[in-house]
Structures are given as structure tokens and as C-alpha cells.
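Here is a briefing on a predicted model. Please look over the sequence and the fold before reading on.

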Amino acid sequence: MANLKEVRERIRSVKNTQQITSAMKMVSAAKLRRAQQAITELRPYADKLDEMLRNILTNLEGDADTTFNKVRPVVGAAVVVVTSNRGLAGAFNTNVIKAAEASIREMGPLSGPLDIICIGRKGAEYFRKHYGKRENVKVVTDFQKLFDDLSFDNTREVPELLMDRFRVGRYDKVYIAYARFKNAAVQFATSEQFLPVEDVTTNQQGTTKPESRYRADYIFEPDKEELLHYLVPSILETKFQAALLDTHASEHGARMTAMDKATENAQELLRELKISYNKARQEAITNEILEIVGGAAALEAS
């Protein structure tokens, strides 16, 4: 009977866990709908602005301020890591961290500072532990709670900081590691170059595209210098906002998928435990019958 009691306790425990994972799945699904709508509405606008920005900076003739597309030898750099504040989302945070580390390895040893700017508690915990004591590496955790308010006015503080430090030469290259949302079941961890703005004639694989297909002739009104002074930072801020919204939607999609899988696993475990419980119960009943029959036989023999 002790075995029966142990199995009953396990069944009760798995049922409680299943209720929790099922509730978390429903909460994530509700949050995902809002987050998915936000990135779905912003992404076409952000992608088109990014294309326009790269086209403008690629085709300038040098008579305007082109600070944000200047390629310099990489002395100092920054990597922005956008993760979630909570776990229970499968490999979501781990994949983003791996993408960030790939960019760090790609740059190689730097003679200047490397700032790892963590947005989200999970990334901050990892990089504090593994990079906090490295020479010339600073783990910045001032923006962990940025996901509490994803309004444009609140999030623009980070891209403004990155642009200011790139402008004065503290950073020669800036990457953003985040998760790009596709659907509830699929999210792609990626690390993209934020600064300097990449040439429009170069694709993500580093090969050169035919320049004639991407060259655009823009008419600037009013003055080109004045317009670019406001336009370029605004586009970069929008691009950064899109990365945050992508990660926000990806987090809820990954958590919903993970909790759905956990609920299914709990159901399968319950099925196996119930089979074990029934077998143990049948064994106990059989033993009791055998004891009764044995006792009766002993009484008849005496």
C-alpha cells in the first residue's frame, strides 16, 4: 500500500503542474496576440525605412554628414543583447545569447572597450557571470526593465546612447542580438549590425549586389544636411524599436509553445502513472486474496 500512496502523490503533483503549465500557456497566448499585432504593424514600416536609410547613405556624394555609415577600424564596440526577464520559454534566451556571443567572437580581441548592454534579466545574469570579470569588458544592466514600457519615448534612450557613442568614437561597431518573430512556433535568434549602417549593395552573406538595381536618386527638401540630421536618427530608433517588439512577441510565442509541450508531457506522464497505479492496486488486491485463501486453507488443515 505504501507504493500505492507514493503513486497517488505523484499523480496529484503532476496534475497540479499540468494546471500551472496550461494556465501559463493561456496567459502567453493572450499576451502573444497583442505583441504579434504590434510587430506586424511596425515591421513593414521599419523594414522600408531601413532600406531607405541604407540607400540614402550608400548614394551620398560626401556633401552631407554621413557619420552613421562610416566604417572605421574596430577599436571599441557594443553588443546589445535583448532577452526576456523570465524563463520557462524553452531555448529562447539561450539562442539569443549564442547569437550575441557569435558577434563577439567575430570581432575578435579589441584594443578598446567592449560594452555588453543587456535588455532583459536573463541576458544580464549570463553575461555578468561569464564576462563580468574580463578585461576591457563592461556589462551594462541599466536597461533590464525596458520591457515594462515598450513605448517609443521610453525605448529611444538606448539607440540615442548608441548613436552618441558611435559619433564620438567610443564605439566603432554596434550589434543587436534579438529574436525575430515569425509565428508562435518559430522564432529566429539573430545578431544584426546596427552601426555603422551597412551598404545597400551588400547582402547579409557579404556578397555584392548589382549597384544599378539599388541606386536611388532622392530629392531633399529642405536642405540635405538638415534633413539627414533628423531623419537618420529617427530611422535608427525605429529599427531598434522593431527589434524590441520582435523579441517581445518571440518571447510569448516561445513560452506558449514550451508550456503547450509541457502540458502534453504531463498528460503522457499521467497516463503512465495511472497504468502503474492500476497495476500496483491489482497486485495489492491479488496479495490480499492470496492471504485470505491461504488463511482459510490453514484453518481447514487444522
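Residues are numbered from 1 along each chain as its sequence is written, and side-chain values use heavy atoms, with hydrogens and water left out.

**Sheet**
- Five strands make an open, mixed sheet, ordered S3-S2-S1-S4-S5. Strands (E, at least two residues) and helices (H or I, at least four) are DSSP runs, numbered from the N terminus; two strands pair if DSSP finds at least two bridges between them.
- Strand S3 (137-140) and strand S5 (186-195) are the edges, each pairing on one side only.
- Neighbouring strands are turned by 20° against each other on average, direction ignored. Axes are lines fitted to C-alpha atoms, for helices over the stretch in contact, and angles run from 0 to 180 degrees between N-to-C directions.
- S1 (residues 77-82) and S4 (residues 173-183) pair in the parallel sense over five bridges. Ala 77 stands opposite Lys 173 in S4.

**Helices on the sheet**
- Helix H3 (residues 121-131) touches S1, S2 (114-119) and S3 (contact: heavy atoms within 4.5 Å). Its direction makes about 150° with that of S2.
- Helix H7 (residues 224-301) touches S1, S2, S4 and S5, at about 45° to the direction of S4.

**Helix H5**
- Val 158, Pro 159, Leu 162, Met 163 and Phe 166 are the buried residues of H5 (residues 157-167) (buried: under 20% relative accessible area, 1.4 Å probe, protein chains only).
- Down the axis of H5, these residues fall within an arc of 130°, so they line one face of the helix. The arc is that of the directions from the helix axis to the C-beta atoms.
- Their cover includes S1, S2, helix H4 (152-155), S4, S5 and H7.

Notes: This is a predicted model: local features need pLDDT of at least 70, side-chain atom pairs count only at pLDDT 80 or more; totals for chains, interfaces and linings use all residues. Buried means under 20% relative accessible area, exposed over 50%, partly exposed in between (1.4 Å probe, protein chains only).
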